[in-house]
Amino acid sequence: MRTSAGTPAAPGTRAAVHPVDERLPLRRLAPLSAQHVLAMIAAPVSTAFLTADALGLSGERTASLLSATLVLCGIGALLQSFGTFRVGARLPFVMLPGGAATAIFLQVAAEHGAATASGAVLLAAALLLAVLPLYARIVRLFPPLVMGVTVLLIGVAMVRVAAQLITGPGGGRPAAPSAVALAGLTVGCTLAAYLLLRGVWRQMAVLIGMAAGTAIAAATGLGAFTPAHGSGLALPHPFPYGMPHLDFLAALPLLIFSLASLAEATGQTVLNSEAVGRTPAPGRDVPRVVRADAVVSLLGGVFGTSLLVTSSENIGIGKLTGVRSRFVTAGAGALLIAAGLLAPVSRLLAGIPAPVVAGSALVVYAVIAVMGVEMLRRVDLADRKNSMVVAVALAAGLLPVVSPGLYDGFPGWVRTVLGSGVVAGTLTAVVLNTVFRWARGSRTP
């Protein structure tokens, strides 16, 4: 018999249980699982509202989308925690709708329609499953230099999408002063919660900001709080935008992002393994993590969400409590499914005014841009080749943002590739980084 660390157990003794496999009694499991839910609930809630407002969904359809998002997050947490049939890594992970993936999803929806965006999610999830045997080769194309550029450009794109919730779709008309004021007050409340609160409450700053912004809207008349009608169970509706339309060219931005996400999944898996005291094994665990992401994202394409990704943002709670059990995040998954199916909860939340959602989203997705900057800090930008790759890639990625009509005179496939700042910048970074590495290697004796 062997212990979880791989060393032989003494004869006649039971193998030691690794902390990650520890089963807790219900009286401890329930509050610990609820704590994880409170720490991560802001991301799926704000993302569902951002998507619904950007797509102009009704209150009832918004409630259905929120229900689907919470249920899928719960299913993802269960898959990652239990890890059956090599789907999931048996680590205390939670799953969230990817903020960066949501930005690209909404971009595809704005340019090609929501049905095509759902089709892009299905194609991206299928691509992830198909390339897992080539994981080791693909992940080398996305070092911190490339990922930093990609994440920074995604953050910029997402801020632009969030701003359109204030001005209205397209951003071509001036925003109502009341909408700007309400979004600003929501940002202020979020920052105040983050500065004044501690622990799990600080992690809920975005959710607290949304609640405060909604209360201000109702009290001052700056916005209307109109919950959706209905009661009982909220069952997610499949194909809310009609049958998904599979368009490989339109899906290209999300396909490239899905490949880039392999690098992020590697970092998340190593980080979580180290946090729970398990020896990192990326070659074994990362494909299992990504396989669960892909399976849940396939369901997301059916129920109208973007890609869902595994997150290690709850590691801080594990460090705070000292509990590293994967059964705690499994319990959190069960609670998320229950919350998603309770219609009164999702329909009440669906009434939050769009400017409040915008204010919260501006905070959440501006952080993505900061994450990109943090990734680039790991790169030696004193090396002129690295700085040139970043400079040219950022120029390629920002051009469609500062001049949206730049490629209007080109064929459709050119507009799809170069007109997306994320795709243009990422492809430029991958190509230039590969060429410069090859040139540097060929000159080395």
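Angles between axes under 35 degrees count as roughly parallel, over 145 as roughly antiparallel, and 65 to 115 as roughly perpendicular, while the rest count as oblique. The model described here is predicted. On that scale, α4 and α5 are oblique to each other because their axes cross at roughly 140°, whereas α3 and α14 are roughly antiparallel because their axes cross at roughly 160°.

**Contact of α4 with α5**

- Helix α4 covers residues 99-112 and helix α5 covers residues 114-131, and their axes come within 7 Å.
- The crossing in which α4 passes α5 is right-handed.
- On the α4 side, the residues that meet α5 are Phe105, Val108, Ala109 and His112.
- On the α5 side, the partners are Ala114, Thr116, Ala117, Ser118 and Val121.
- By class, the residues of this contact comprise 6 nonpolar and 3 polar, with no charged residue.

**Contact of α3 with α14**

- Helix α14 spans residues 326-341, and the axes of α3 and α14 come within 7 Å.
- In this pair, α3 passes α14 in a left-handed crossing.
- From α3, the contact draws on Ser67, Leu70, Val71, Cys73, Gly74, Ile75, Ala77, Leu78, Ser81 and Phe82.
- From α14, the contact draws on Arg326, Phe327, Thr329, Ala330, Gly333, Ala334, Leu336, Ile337, Ala339, Gly340 and Leu341.
- The contact of α3 with α14 consists of 14 nonpolar, 6 polar and 1 charged residues.

**The cavity**

- How many cavities of 30 Å³ or more does a search of the whole structure find? The search finds 1.
- The volume of the largest cavity is about 70 Å³.
- Its lining is formed by Thr47, Ala48, Thr51, Leu65, Thr69, Pro97, Thr102, Thr305 and Ser306.
- Which helix gives the most to the lining of the largest cavity? That helix is α2, with 3 residues.
- Helices α2 (42-55) and α3 (59-82) each supply at least two residues of this lining.
- By class, the lining of the largest cavity holds 3 nonpolar and 6 polar residues, and no charged ones.

**Where the topics meet**

- Helix α3 takes part in the contact with α14, and α3 also supplies residues to the lining of the largest cavity.

Methods
Residues numbered from 1 in each chain as written. Predicted model: local features only at pLDDT ≥ 70, side-chain atom pairs only at ≥ 80, totals over all residues. Heavy atoms only, no water. 1 Å grid on protein atoms, 1.4 Å probe; cavity = no way out; pocket = protein on both sides within 12 Å on 5 of 7 lines; lining within 4 Å. Points joined across faces, edges and corners; volume = space filled by probe spheres on them. Helix = DSSP H or I, 4+ residues; strand = E, 2+ residues; numbered from the N terminus. Nonpolar A, V, L, I, M, F, W, Y, C, P; charged D, E, K, R; others polar. Axes fitted to C-alpha atoms, helices over the stretch in contact; angles between N-to-C directions. Left-handed = near helix turned anticlockwise from the far one by under 90°. Contact = heavy atoms within 4.5 Å.
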